[in-house]
Amino acid sequence: MLSQVVELIESKKHFCITSHIRPDGDSLGSSLALYWTLKSLDKDVQVLMRDNVPHAYSELPGAKDVLRVSSVPDGYDAAFVIECSDIDRPGLLNLDKQFVVNIDHHSTTALFGQINWIDSTASAVGEMIYNLCKALGVSVNQQIAECVYTALLTDTGSFHFSNTTERTFKIASELVRKGVKPAHISQALFYSYPYSKIKMLGLALSTLKRDDTGRVAWLTTTSDLMAEADATEEDLDGIVNYPLAVGEIEVVAFFKEISPGVFRISLRSKGQVNVAKVAEKFGGGGHRNASGCTIKGELSKISEQVVSHLQETLGIQPLNGSLNGKS
Ligand SMILES: [Mn+2]
């Protein structure tokens, strides 16, 4: 509940903030927006992450203050856990020993906190942090505004996705009034890629295949392709979304070889198609339109299994040999 969060912040002093592994725009933008909010209230606050800040977010105000840790140090009054489905998602030891405040906009989150503030109507946790800022009477400064705007922009797919609402635009408008330069933020997020990312995109897209219906598509990257592009794992982020730009493609699987014989699989869908259910069948999870899982084995077998589950979700009867794929 928002009022419980406000009361906690007002009555305590030492806080840490964390979010999920491989942080994205909402997790970092929201964590740092909360960081600047608490700092303007003269609180002691640190942002703790297991993983480093991806290149795209390195210009966010406060990105350089993020501490990389494997365990939460003692001494905090409370730990804010941003955008996590469960207490293990940040990948930090000792987090479960803290007084935890769970802040998320996914209704599927476990209620793992001592305080759980969940608002599934928010397009991004960034919206919730903006509301928290207002509820605390903190004036939205440039740092807070840029961090919240980044969260909104990335979690709505640049205001493309169905979570984009009138409230999202209203907050975005207020942030621009507070000094956010939309073109400047877009430049940092979408026009500052390393060369290897575009090279990798090309190599990955050249593996694109689809089934006989044209509704299911998949693509692959191997350690060889990554070496060819001189790509890092971070360079793979977002590639899975490209095939959805094709009108009739409804679901996409991206098979990423993260070590020999181990594939991390990202699943994406349009509209009502639920790919979280497919990820769950393989021990993974996520949300209706974005999920993932990790599978060990031979690529041809893995892709056949995953694609046939995706077809089943769409009500497609797999045809013999359809999984050889059309290019
Ligand atoms: Mn989010």
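This is a short tour of the model, stop by stop, with what to select at each one.

Before you start, note that this is a predicted model: local features need pLDDT of at least 70, side-chain atom pairs count only at pLDDT 80 or more, and totals for chains, interfaces and linings use all residues. Residues are numbered from 1 along each chain as its sequence is written.

**Stop 1: the two domains.** Colour 2-190 as domain 1 and 196-324 as domain 2; these bounds come from an automatic or database domain assignment.

**Stop 2: a helix pair.** Now select α2 (residues 25-40) and α4 (residues 142-155). Helices here are DSSP runs (H or I, at least four residues), strands are E runs of at least two, and both are numbered from the N terminus. The axes of α2 and α4 are 8 Å apart, at an angle of about 160 degrees. For reference, axes are lines fitted to C-alpha atoms, for helices over the stretch in contact, and angles run from 0 to 180 degrees between N-to-C directions. So α2 and α4 are roughly antiparallel, a label for angles over 145 degrees.

Show the residues in contact, meaning that their C-beta atoms, placed from the backbone, lie within 7 Å. On the α2 side, pick out Gly-25, Asp-26, Gly-29, Ser-30, Leu-32, Ala-33, Trp-36 and Thr-37. Across from them in α4, you'll find residues including Ile-144, Cys-147, Val-148, Ala-151 and Asp-155. By class, this contact has eight nonpolar, seven polar and two charged residues (Ala, Val, Leu, Ile, Met, Phe, Trp, Tyr, Cys and Pro count as nonpolar, Asp, Glu, Lys and Arg as charged, and the others, Gly among them, as polar).

**Stop 3: two positive phi values.** Most residues other than glycine have a negative phi. Go to Arg-22, in the loop between β1 (14-19) and α2, where phi is near 45 degrees. Arg-22 has 15 C-beta neighbours inside 10 Å, so it counts as partly exposed (buried takes 20 or more other C-beta atoms within 10 Å, exposed 12 or fewer, and partly exposed is in between, with C-beta atoms placed from the backbone).

Next, select Asn-94, in the loop between β4 (78-82) and β5 (100-104). Asn-94 has a positive phi of about 75 degrees, and its 13 C-beta neighbours make it partly exposed.

**Stop 4: Ser-11.** Finish at Ser-11 in helix α1 (residues 2-11). Ser-11 counts as exposed because it has 8 C-beta neighbours inside 10 Å.

Key: Angles under 35 degrees count as roughly parallel, over 145 as roughly antiparallel, 65 to 115 as roughly perpendicular and the rest as oblique. Two residues are in contact if their C-beta atoms, placed from the backbone, lie within 7 Å.
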